[in-house]
Amino acid sequence: MKKFKELSKKPVKEREQATSKYWKEIDLLNETYNSRDEENRYVFYDGPPTANGKPGIHHVISRTLKDMTCRYKTMQGYKVYKKAGWDTHGLPVEIEVEKKLGLHDKKEIENYGVEKFNEECKKSVFSYREKWQEMSDRMAYNVDMDDPYITLDNNYIESVWALLDKMYKDGLIYEGAKILPYCPRCGTGLASHEVAQGYENIKTTTAYVKFKRKDADEYFLAWTTTPWTLPSNVCLTVHPDIDYILAEKDGEKIYLAKNKAHDLLGHEGEDYTLIKELKGKDMEYMEYEQLLPIYDVNKKAFYVTLADYVTVEDGTGIVHTAPAFGEDDYQTGRRYDLPLINPVDEEGKFVGGPWDGQHVMDTDPEVLQRLKEENKLFRKQKIEHNYPHCWRCHTPLIYYSKPSWYIEVSKLKDKLVENNNGVNWYPEHVGEGRFGNWLENIKDWAISRNRYWGTPLNIWKCDKCNHTLSVGSRKELKELAIEDIDENIELHRPYVDDVHIRCPECGEIMTREKDVIDVWFDSGAMPFAQQHWPFEHTDDFDKVFPADFINEGIDQTRGWFYSLLAISTMITGKAPYKNVLVNDLILDKDGKKMSKSRGNTIDPIELFDKYGADVVRFYSLYVSPPWIPTKFDVSGLQEVESKFFRSFRNTYNFFQMYATTDETDPTEYFVEYKDRAVIDKWILSKFTNLQKFYFENMDQFEYTKVAREISNFVIEDLSNWYIRRNRRRFWKTEMDTDKKAVYNTTYEILVGLTKLIAPFTPFIAEEMYHDLTGEKSVHLAYFDKVNEDLIDNKLEEKMEMVRTFVTLARASREEVNIKVRQPLKKIVLDERFKDKIEEFKDLIKEEINLKDIEYKKDLSEFMNYELKPNFKVAGSILGKHIKSFGNYLKDINAKDFVSKLDKSDLNIKLDDEDIDIKRDYVDVRINSKEGFDVTMQGDYFVILDTEITDDLLMEGYARELVSKVQQMRKSNDFDVLDNIIIKINPTDDIKKAIEQYEDFIKDETLTVDIIIDENVDGEDVDLNGENVRIEVIRK
């Protein structure tokens, strides 16, 4: 016979660390993989974090979702492929190293030396690897972190080169000089999906500017949010079909959109005079004087152009256009062959002119001041708006023309949309809306970055004829290189910069394009690069592609989710994932974003130390669905720990204590389900329905629903009802069929629950399962099949009715301030419930501490109904009939009327008119008659007989005494089987109660003798208002 162990009483940190140590000893990670069949594979891709930043609570929550999904699938029987990864390239790394070395810009980096700088980057990328490992171990993140994919690894980079090489040879990579969002601080352009991640609210001074028409005393009024771009203006753009006007205000003639006149000029006839109306197309090629004649132009400029993108939502309907600083502007400039004025260098500073050397964003006030002095400023206005910032360093971006290498993903738009439509998104609206809309408007991917630490762009260009070629492997590079290089050359700058190739077109020298690539390409290439594909695993690549499941935050919609899909579509034509779970932001308890500056960040390790990783994991799933912003509140952790975890542990401890005392093992006998008590059948039915709910919702990633359902079952059904209702079955000495049944049932539920909670709370599930079964690990176990034969929904409905009546009766006791331990004569229930709950009569009596239950057809003898119109609702609807309605309610059988109204609307006559009456038209007030208290919930009534006779009073004292003695046994740490002696100095009433109920008191407390004594060295207690002194002595 096995002996069930007590759950460890050590601090939670020690308990969980001991379990982690055990997992390492049994090599749980590999065991979960090796114990499952190859045919049932389930592939998970882990989005690579950057290891040069500390992990936070948002990483814990994301990793909880990933880990529990993998554990769930393992327990379903799948062989789950789950490799961790590290994102090690890019600006996040460079920025940290720049700070460390005291470098401020690219010039200083190059003076320091690219080789030394990149060496520092390489050293720094795993600064916090130990912190990440600690967090992952502490939270039981059971993913392969010992053999991760690492984006700086030579094999990984070689696979990335192979992907780029294929795209290049497929004609998808080209060089272009488009308008690109550019970070002057980082000195590099950004792709559109990166820009989407960096919008921030800023306050900007906008300007309404007057452009003087050439050879006429008239002005075009245009609006701009970037006054610093005005020196680069070469045209004004209007919509061909919008109505414009020429108006005179304060002696000046102004062109603007007709429907903006009121906002900007005032009332026609009072504030301005209308001179004429015209369409935008009538204004084309109207010329104007250069606004700020600082820079010369080499082509015809300064005239009105047409474009469909012009709107009248903001501004004036006339758009200031500087082709050097905006995509729409650039396209207009191309159509009209306009000059491009770009006086801004790579650091975002003006070159030449009055603001030479100043950062463009700092010159807005000076530009506006000059316009004011020259009478060209109509109005300025401060606004708050969303402006794109660098997602890494938070510098405002500048849009201007820069040469860059692009991947022509726009060619594959339809295929991207098609592939995305085949993905299951959770929640659905992210895939259809946010991500789907993004794909519908996809732009070519600016892939190159003018930086240092990253995967080098694998394109070489001829120094003479500009011919380009792509290199797809180290072997190919060695074969093509002019220099004598080793095939193991490190694929980073500056080493690959020093490799040259002979041009196949003209025979001259080819030099590598100095750029590195977008880090999002690195991470998006992981399905291929983690396998070193196509150099390895070409024959079994389909075993790990596509992923069955990925999960990251909402910010990855246009980041990793996009780069994965784009690369996979270009290489394989398929989506790289089947199911995507998207989690939203983690906020503080007040709904504010967590940040160091606000001082509201949470250290996950501190939470693990205090509450345990299980509690943090379960709370994060319980508090709100993953795709809704989570307000993380430590008081919520405390509540989950005290209610759910304590109830679960206490239930096991109760079972363990009695099983140990009885020296019984429920696995050595089995009471057939048909022979078990009704309450056993009820809890088994509830648990089986929980299992059904569990699997249906887990498969849909509805983890919050599952967590709440499990919590409710453990607290309300198992602990507060089943275990509490069955304590006497455990207490009794005879090991009969009934006692075996309660042991069987409790054991089966506990084992089943440990399996259900294992993906959520791996530590407590492991400890409890191991103690219950002696098996190696719950995380190697298989879920039990749902035995639907155990479901009895009618029984559950009956028990729910019983619990409702018990709850109402308890509420009634509280209302009249009578403790549950004070017996009462009876409750009265509606006769229509008798057939459904009569079999539970004894249970109800014991729960509410009653002598009897009576059933009555007419409850009106115990209570008074008072019906009045609900004036708030019915007043405005019934109008003149409201008074007649009040009189009608006085004269009817109130109970019958309400019963009928609860079922459906009633039609009655008021003032000779047929009127439909709804339930909420009536204010129902129920008052109990003297000696009774009535409580109701919907159609359920409980009438409590509140009279306390002398006999009932004496029994109440006896029960109160039993309760106090039991508490004293517990506080004195007596064993459950210890016999005791009670010494008591009672009042007369308590003495009388002891004499009357001595046997009952002794039986309930394992007392062999009750000694009445005036000199008791014990504890003063209050027994329902009677002050006595009690001492309990172990026999």
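Reply: Happy to; what follows is a chat about a predicted model.

Me: What order do the strands have in the open sheet of four?

Reply: The order is β29-β28-β35-β34, and the pairing is mixed. The twist from one strand to the next averages 20°.

Me: Which strands stand at the edges?

Reply: Those are β29 (850-856) and β34 (932-937). Each has a single partner strand, so one side of each is left without a neighbour in the sheet.

Me: And in which sense do β28 and β29 pair, parallel or antiparallel?

Reply: Parallel, over six bridges, with β28 covering residues 824-830. L829 stands opposite Y855 in β29.

Me: Which strands does helix α27 lie across?

Reply: Helix α27 (residues 793-815) lies across β28, β34 and β35, and runs at about 45° to β35.

Me: Switching to aromatics: how many pairs are there?

Reply: The count comes to 62 aromatic pairs. One of them is F4 with Y747, a tilted pair at 6.0 Å centre to centre with 50° between the planes.

Me: Where in the chain do F4 and Y747 sit?

Reply: F4 is in the segment before α1, while Y747 is in helix α25, 743 residues apart. Both are buried.

Me: What about Y149 and Y156, stacked or edge-to-face?

Reply: Stacked, with 15° between the planes. Y149 has 3% relative accessibility, so it counts as buried; Y156, at 2%, counts as buried too.

Me: Last one: which charged residue lies over the face of Y622?

Reply: R708 does, at 5.7 Å from the ring centre. Y622 also belongs to an aromatic cluster, with F618 and F701 among its members.

Note on methods
Residues are numbered from 1 along each chain as its sequence is written. This is a predicted model: local features need pLDDT of at least 70, side-chain atom pairs count only at pLDDT 80 or more; totals for chains, interfaces and linings use all residues. Side-chain values use heavy atoms; hydrogens and water are left out. Two strands pair if DSSP finds at least two bridges between them. Helices (H or I, at least four residues) and strands (E, at least two) are DSSP runs, numbered from the N terminus. Axes are lines fitted to C-alpha atoms, for helices over the stretch in contact, and angles run from 0 to 180 degrees between N-to-C directions. Contact means heavy atoms within 4.5 Å. Rings of Phe, Tyr and Trp (its six-membered ring) pair if their centres lie within 6.5 Å; planes under 30 degrees apart count as stacked, over 60 as edge-to-face and the rest as tilted. Buried means under 20% relative accessible area, exposed over 50%, partly exposed in between (1.4 Å probe, protein chains only). A charge sits over a ring if NZ of Lys or CZ of Arg is within 6 Å of the ring centre and within 35 degrees of the ring normal.
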